[in-house]
Amino acid sequence: MRPVMVWSEDLLAYDFGPGHPMDPVRLRLTRDLVASLRLDRSFRLVEPRIADDDELALVHHRAFIAAVRSAGDSLRGDVAFGLGASEEEMADTPVFAGMHEAAARLVGGTIEAVRAVGSGTAPRAVFFGGGMHHAMPGAAAGFCIYNDAAVAIADHLERGGGDVVYIDLDVHHGDGVERAFADDPRVTTISVHQHPRSLFPHTGYSQDVCGGSAVNLPLPEDVDNAGWMRAVEAVVEPVVREVRPSLVVSQHGADPHRNDPLASLGLSVEALTEGARLVRSVAERYAAGRWVALGGGGYDVADAVPRAWAALVAVVADVEVPAALGDGAAVRWRPYAEGHDPADPVDRAITATRNAAFPGLGLDPLTA
């Protein structure tokens with residue numbers, strides 16, 4: 001079986017207009033780079049479909065779905081639902097024509113990726129157009145209209161799938177997915193992100209555990225490759241090992257990259273690639289290899305994003321990542337399990353998260 005890659009030119013319709021940070025050119029450039037490197041030859045290509053209202057309603061309120069459809073038809077915003085008539089009124093999610101269909105297509109793409117892997121017709125899947133992790137049940141937020149990851153996970157559970165671990169490596173807290181499953185012990189969410197004191201959505205502190213189903217690791221600004229990988233490994237590996245889920249779904253926003261204009265972390269493409277390799281490794285060891293990788297944020301749209309996501313595609317394909325995609329940076333780190341330094345801010349963050357979240361998952365913060 002070949003892994004699945006979801007793609008369609010129709011995805012470019014998710015477009016908030018000129019000047020908006022989430023420019024769909026990032027998808028176009030990623031797809032072109034993947035094709036030029038012949039990475040797509042390793043995949044079975046699947047076109048995304050428009051998710052229907054019943055699927056969206058697995059997570060989203062029907063009144064919100066109706067408001068999105070109406071806003072896209074009338075081009076009139078509704079701030080109560082996070083939909084602005086202009087960038088001035090609601091900077092992150094201004095309305096645009098056909099926004100319901102464009103956003104529901106992202107959801108349909110992620111559903112198809114998760115169904116392919118969950119049903120066993122594909123070992124892994126990648127959809128770099130997905131990952132709209134800020135959308136809430138009743139409101140759009142943070143450039144995200146519908147929450148494709150949350151809906152697809154809910155669909156997996158609705159169809160009888162087992163436990164899921166969702167791993168969010170975007171620079172921003174994966175608040176929408178966490179909120180969707182805060183009361184559902186079948187879904188464990190892990191988010192490694194820039195500290196909320198300095199970045200939207202200003203949530204995701206270590207102590208935010210959602211009754212034991214959430215792991216949040218907020219990192220200091222300007223964390224480097226080694227610190228970030230040390231942090232990711234310190235929480236992802238023990239949690240997935242403990243849960244042993246039926247499926248791993250991960251979000252790989254390219255915005256932790258050092259050149260991203262909306263964030264402050266200091267990562268290279270090589271570090272983002274190592275993060276993806278780690279996720280693939282834990283999925284192989286503890287989830288029978290079942291892994292769906294999504295895109296997400298990323299606003300250095302013409303450079304860092306296409307390179308990072310083309311590297312992600314290569315990792316999902318399990319082929320060598322072309323050196324040309326990288327920044328020429330070495331990524332070496334010492335695992336947290338080999339000892340930690342209480343004076344180091346990254347180690348303090350890791351320790352705080354493990355102390356807050358691990359006991360609720362049945363893990364010993366000191367030895368896991």
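Q: Which side chain makes a polar contact of 2.7 Å with the side chain of Asp175?
A: A polar contact is a pair of N or O atoms within 3.5 Å; within protein, one must be able to donate a hydrogen and the other to accept it, and residues adjacent in sequence count only if both atoms are side-chain atoms. Here the partner of Asp175 is His134, at 2.7 Å. The side chains of His134 and His133 are also joined by a polar contact, of 3.1 Å. This is a predicted model, in which local features need pLDDT of at least 70, side-chain atom pairs count only at pLDDT 80 or more, and totals for chains, interfaces and linings use all residues. Residues are numbered from 1 along each chain as its sequence is written, and side-chain values use heavy atoms, with hydrogens and water left out.

Q: Is His134 buried or exposed?
A: Buried means under 20% relative accessible area, exposed over 50%, and partly exposed in between (1.4 Å probe, protein chains only). His134 has a relative accessible area of 4%, so this residue is buried.

Q: How is a pair of aromatic rings described?
A: One gives the distance of the centres and the angle of the planes. Rings of Phe, Tyr and Trp (its six-membered ring) pair if their centres lie within 6.5 Å; planes under 30 degrees apart count as stacked, over 60 as edge-to-face and the rest as tilted. The whole structure holds eight aromatic pairs. In one, Tyr14 and Phe16 have ring centres 5.3 Å apart and planes at 80°, so the pair is edge-to-face. Tyr14 and Phe16 are both buried. Trp7, Phe128 and Trp309 form one aromatic cluster.
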